[in-house]
Structures are given as structure tokens and as C-alpha cells.
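Here is a short briefing for a reader meeting this structure for the first time. The points are grouped by topic.

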Amino acid sequence: MTPANPAPVLTIDGPSGSGKGTISRLVAERLGWRLLDSGALYRAVGYAAGAAGLDLSDVEAVTRCAESTRIQFKAAPDGGDTRVIVNGHDATDELRTETAGAAASAIASMPTVRQALVAMQLGFRRSPGLVADGRDMGTVIFPDAPFKVFLTASAAERAKRRYKQLKEKGLSVTLTSLQREIEARDTRDASRAVAPLKPAEDAVLVDSTGMSIGDVVAKVLAVVQP
């Protein structure tokens with residue numbers, strides 16, 4: 001594709017636990033498009049920084065880590081979640097923990113880290129098209145995307161979904177603490193100075209509270225294929 005005629009992009013932004021990952025993967029499969037899980041990039045850098053023993057408040061060190069970390073997405077052989085390879089290590093399961101999510105949220109507020117990851121994200125825009133899942137895909141990374149969705153759900157619903165996911169993985173969590181963490185992250189993400197979490201002005205708002213996965217996928221696909 002030429003720069004004057006870039007591949008189409010569907011951006012799916014929204015808060016933590018809104019189901020962006022699952023919906024984006026299923027929509028990308030239905031469309032036959034590429035997938036970008038931008039949240040995984042931040043989690044991967046947070047993971048790499050932790051593995052290197054870095055202080056997450058050291059902006060310069062974390063920025064250097066963001067610039068040097070090698071991140072690859074690989075389709076799972078069993079059709080499950082996309083595998084995320086960080087510096088040669090399959091870190092998919094580690095990246096799904098609340099610790100990794102908190103680290104990602106912390107470093108995502110650093111302008112130099114975000115800048116280091118912009119070029120990497122733009123590189124995913126290739127034919128036949130891209131489904132980009134994140135917090136600022138439609139507002140900052142792909143503002144010219146022809147298709148934009150802002151996917152949300154109530155904090156209570158998102159906490160229940162996360163609780164179910166983590167319990168299935170054998171992790172010890174409480175619903176109350178998860179909802180508290182989600183609400184705190186919402187506030188932090190929406191109020192940060194750099195790329196705050198908010199719907200793009202031209203995004204279609206989809207509230208998935210009480211909806212089945214199939215119904216949400218259909219609603220998102222209708223944005224691309226009316």
C-alpha cells in the first residue's frame with residue numbers, strides 16, 4: 001500500500017476489562033485483517049523492565065528498555081489467545097496478570113515511552129487491513145482510521161469478567177479488590193496528561209454490559225460492513 005492509500009484500520013479503544021482483546025481478535029479473524037494489541041506492547045515493556053530489575057519510576061531507563069525490547073505476536077497453534085514473545089521468551093501468561101497491567105498503566109503515562117512505541121505500532125498498518133486494540137488507537141495513533149469503536153462496560157461487569165478469567169487460571173483474587181483496581185485505573189488513564197483514555201469524536205460507542213460476545217462482534221463488524 002502507498003502512503004497516499006494506506007490499508008484500512010478499525011480502532012477498538014476502551015477501558016481495562018471491556019473485552020477489547022477478545023472482540024478485536026474475533027473481528028480480525030472475521031475480516032481476515034492483521035491484529036495489533038497495543039496494550040500488550042506496554043505490558044511487554046513493563047515485563048521486560050521488571051525482568052531487568054529496573055525501577056519503573058526511572059523514566060530514562062524505562063524509555064531505553066522500550067526502545068530495545070523485541071516484541072513479536074504469534075498466532076496460537078490451538079486457535080487460542082495470540083502469543084506474545086518478549087526478547088525471545090513467550091511471556092503471554094505473565095502479561096495477563098494484574099501486576100503486568102499495573103506496570104503497563106504506570107509506564108504508559110511517560111511521553112518518551114509512548115513515543116518509542118509509536119513507530120512500532122504504525123508499522124502494523126499493512127494490507128489487507130488492521131484491527132488496532134488499545135486506549136488511544138483512534139485518538140492518537142490512527143486518527144485518520146476510517147472505522148472507530150469505543151468499547152466499554154460497567155466497572156462491576158468488567159471486574160466480574162476479569163475475576164472469572166483469573167480464577168480459571170488458578171490465581172487467587174477477590175472481586176472487590178479487582179473492581180477497586182479497575183476503577184482506580186480508569187481514573188488514572190482518563191486523567192493522565194498524555195493521550196488520556198477517551199472516545200474519538202467520530203467513534204461508535206458500544207456498551208457491552210450484559211451483551212454476549214457474539215452480539216458485540218456483530219455490532220463492531222456492522223461499523224466496518226454496514
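## Helix packing and local features

Helix α2 (residues 38-51) and helix α6 (residues 111-122) cross at roughly 130°, and their axes come within 11 Å. That angle makes α2 oblique to α6. The model is predicted. Two packed helices are described by the angle between their axes and the distance between the axes.

**α2 against α6**

- The crossing of α2 and α6 is right-handed.
- From α2, the contact uses S38, L41, Y42 and V45.
- From α6, the contact uses V113, R114, L117, M120 and Q121.
- By class, the residues of the contact of α2 with α6 are 6 nonpolar, 2 polar and 1 charged.

**α1 against α10**

- Helix α1 (residues 20-31) packs with helix α10 (residues 213-224) at an angle of about 55°. Their axes are 10 Å apart.
- This angle makes α1 oblique to α10.
- The crossing of α1 and α10 is right-handed.
- On the α1 side, the contact residues are T22, I23, L26, V27, R30 and L31. They meet I213, V216, V217, V220, L221 and V224 of α10.
- The contact of α1 with α10 has 10 nonpolar residues, 1 polar and 1 charged.

**α8 against α9**

- The axes of α8 and α9 cross at roughly 125° and come within 9 Å.
- This makes α8 oblique to α9.
- Once again the handedness can be stated: α8 and α9 form a right-handed crossing.
- α8 contributes A155, A156, R158, A159, K160, R162, Y163 and L166 to the contact. α9 contributes L175, L178, Q179, I182, E183 and D186.
- The contact of α8 with α9 divides into 8 nonpolar, 1 polar and 5 charged residues.

**The enclosed helix α5**

- The buried residues of α5 are E98, A100, G101, A103, A104, S105 and I107.
- These buried residues pack against α2, α3 (59-68), α4 (92-95), α6, α8 and α9 (175-191).

**Q165 in α8**

- Q165 lies in helix α8, which spans residues 155-168.
- Q165 has a relative accessible area of 38%.
- The side chain of Q165 makes a polar contact with the side chain of R162, at 2.6 Å.
- Q165 and E29 are 136 residues apart along the chain. Their C-alpha atoms are separated by 22 Å.

- Most residues other than glycine have a negative phi, and most peptide bonds are trans.
- N87 is not a glycine, yet it has a positive phi of about 50°.
- N87 is found in the loop between β4 (83-86) and β5 (89-90).
- N87 is partly exposed, at 37% relative accessibility.
- The peptide bond that joins S127 and P128 is cis, with omega about 5°.
- P128 is found in the loop between α6 and β6 (130-134).

Terms used. Residues are numbered from 1 along each chain as its sequence is written. This is a predicted model: local features need pLDDT of at least 70, side-chain atom pairs count only at pLDDT 80 or more; totals for chains, interfaces and linings use all residues. Side-chain values use heavy atoms; hydrogens and water are left out. Axes are lines fitted to C-alpha atoms, for helices over the stretch in contact, and angles run from 0 to 180 degrees between N-to-C directions. Helices (H or I, at least four residues) and strands (E, at least two) are DSSP runs, numbered from the N terminus. Angles under 35 degrees count as roughly parallel, over 145 as roughly antiparallel, 65 to 115 as roughly perpendicular and the rest as oblique. A crossing is left-handed if the near helix is turned anticlockwise from the far one by less than a right angle, and right-handed if clockwise. Contact means heavy atoms within 4.5 Å. Ala, Val, Leu, Ile, Met, Phe, Trp, Tyr, Cys and Pro count as nonpolar, Asp, Glu, Lys and Arg as charged, and the others, Gly among them, as polar. Buried means under 20% relative accessible area, exposed over 50%, partly exposed in between (1.4 Å probe, protein chains only). A polar contact is a pair of N or O atoms within 3.5 Å; within protein, one must be able to donate a hydrogen and the other to accept it, and residues adjacent in sequence count only if both atoms are side-chain atoms.
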